[in-house]
Amino acid sequence: MEEEEKKYKSIDDILPPDLIHRIFLKVPAKHLARLRCVSKLWYSLISDPQFVEFHFQYSPAVTNTFIFIAKGCVSCFVDLDALFSVNNDALQVKRVSPPFKMKSPPYFEVLGSCRGFVLLRGQGNFLVLWNPLTGSSKGISYSRIASRCKNKGYWIPREFLVYGFGYDASQDDYLLVVACHDKHGQAHFNCLSLKTNSFIYFDAAPPKPLGFYNWNPRGLFFNGAIHWVPSYLQDYRDAILIFDLKERTFSMISAPEQMLISACRSPGLALLGGCLAFYYGNLDSIITDIWVMKEYKVHSSWILYQIPCFGFRPLCLSSDMNLIGKGDTCDKLEFYIYNLREERLQYFKYPCFPAAVFEANAVYTESLLPLPSDIKDKDEKEEEQGHQFLHEFFELLDVAKG
């Protein structure tokens, strides 16, 4: 009998929870999502908010990174880790279904990605925050943003002047920042808390007027701030606009003064190897210049990399200096890998969808992080329960006195 009991002992009886916890930190998030079903203990350990946060922050080596590409009514992931490891021209692409509860696939686009969440905007002006790994999602009132701008007399275009999506660690909150402009071309910024589904007031303004259409609308979240770059660069000193999500303040970063402004075409921003990168097509040499800021906000730390491909849009940099980017082609979807050490360019084709349908919208990192809870509703519910308790308590007290 004792031998049978030993034979059927579970792994939870053999390994202490602390050791299981340490093992889980080395397991990729996509596998942890399935391991939650093994036992109640494993579900409890993996679902613990502190563990999930610790796994996301300190286990980057086991976190899969994807390019999330979506436009129209279709979407898919391109596995970057697999792409770096293969030796042929095949892409590992997985089609996914966004969390829209509709019979026919809606038209939607990606506004940004942050900490394992993807922010989508659907046709009909609604927003959805979605964790593709866990499947959890949350709807956000887009109409509140539009009505807020309209009530203040701002012009509401089909697209916002600029927008960005990021995370404020000081408040454990995800923020959507959008800018509308008035008839004089003055930008007015609004900040929506996704935790409370309410606007956050701040009176800060950009150092210089943004104008009407002079900025790339999608912002890049990095180092607690959202960054934007002009569509047409006129002065290297005003290259990058920054909005700090914690301090609610604006600032600017200058581009390298060595760059030739007249040769700069279609500038953009990327996050490469944990550093902010500024890139553009160089019309003089028909290549792509990529300036990487090795030390954030230190102007002297800009380093130049030149890619022998015009219209190269950098997306991700691996630890072995493989730079992956999207090619600017009109008839097919192409991804390039350029090894910065060997100066070797390689491209991968995915011909199933025309390039006009897809754009490389966001670099997405898997996580098990939970959706931001609605603190406002929770507090109101707890307050209501507290009032009910006090009401019943005083009723019992009156009965006891009587």
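**Figure 1. Strands β14 and β15 with the residue pair L241 and M252.** In this predicted model, L241 stands opposite M252, a residue of strand β15. Strand β14 covers residues 240-244 and is joined to β15 by five bridges, the two strands running antiparallel. Both belong to an open sheet of four strands, arranged in the order β12-β13-β14-β15 with antiparallel pairing. The edges of this sheet are formed by β12 (220-222) and β15 (249-253), each of which pairs on one side only. On average, and with direction ignored, neighbouring strands of the sheet are turned by 30° against each other.

**Figure 2. The open sheet of β16, β17, β18 and β19.** Four strands make up this open sheet, in the order β16-β17-β18-β19, and their pairing is antiparallel. Its edge strands are β16 (264-272) and β19 (302-307), and each pairs on one side only. Neighbouring strands here are turned against each other by 25° on average, direction ignored. Between β16 and strand β17 (residues 275-282), which run antiparallel, there are seven bridges. Within this pair of strands, G268 stands opposite Y279 of β17.

Figure 3. Strand β4 comprises residues 108-114 and strand β5 comprises residues 117-122; the two pair in the antiparallel sense. Six bridges hold this pairing in the record of the model's strands. Opposite F108 stands G122 of β5. Two residues lie between the strands of the hairpin, and R115 takes a positive phi near 55° there. Strand β4 is mostly covered, with six of its seven residues buried.

**Figure 4. L369 and its surroundings.** L369 is found in the loop that lies between β24 (360-365) and α9 (375-401). The relative accessible area of L369 is 3%, so this residue counts as buried, the cut-off being under 20%. When neighbours within four places in sequence are left aside, L369 is in contact with V52, E53, F56, R115, F117, N131 and Y174. Among these contacts of L369 is R115, the residue with positive phi in the hairpin of β4 and β5. L369 and A29 are 340 residues apart in sequence, while their C-alpha atoms are 9.8 Å apart in space.

**Figure 5. The packing of helices α3 and α5.** Helix α3 (residues 17-24) packs with helix α5 (residues 40-47) at an angle of about 55°, and the axes of the two helices are 11 Å apart. Because of this angle, α3 is oblique to α5. The crossing of the two helices is right-handed. From α3, the residues P17, I20 and F24 meet L41, W42, L45 and I46 of α5. By class, this contact has seven nonpolar residues, no polar residues and no charged residues.

**Figure 6. The chain as a whole.** Nine helices and 24 strands are present in the chain. Of the 402 residues in the chain, buried residues make up 47%. Among contacts in the chain with a separation of 6 or more, 49% are accounted for by residues 24 or more positions apart.

Definitions and conventions
Residues are numbered from 1 along each chain as its sequence is written. This is a predicted model: local features need pLDDT of at least 70, side-chain atom pairs count only at pLDDT 80 or more; totals for chains, interfaces and linings use all residues. Side-chain values use heavy atoms; hydrogens and water are left out. Axes are lines fitted to C-alpha atoms, for helices over the stretch in contact, and angles run from 0 to 180 degrees between N-to-C directions. Angles under 35 degrees count as roughly parallel, over 145 as roughly antiparallel, 65 to 115 as roughly perpendicular and the rest as oblique. A crossing is left-handed if the near helix is turned anticlockwise from the far one by less than a right angle, and right-handed if clockwise. Contact means heavy atoms within 4.5 Å. Ala, Val, Leu, Ile, Met, Phe, Trp, Tyr, Cys and Pro count as nonpolar, Asp, Glu, Lys and Arg as charged, and the others, Gly among them, as polar. Buried means under 20% relative accessible area, exposed over 50%, partly exposed in between (1.4 Å probe, protein chains only). Two strands pair if DSSP finds at least two bridges between them.
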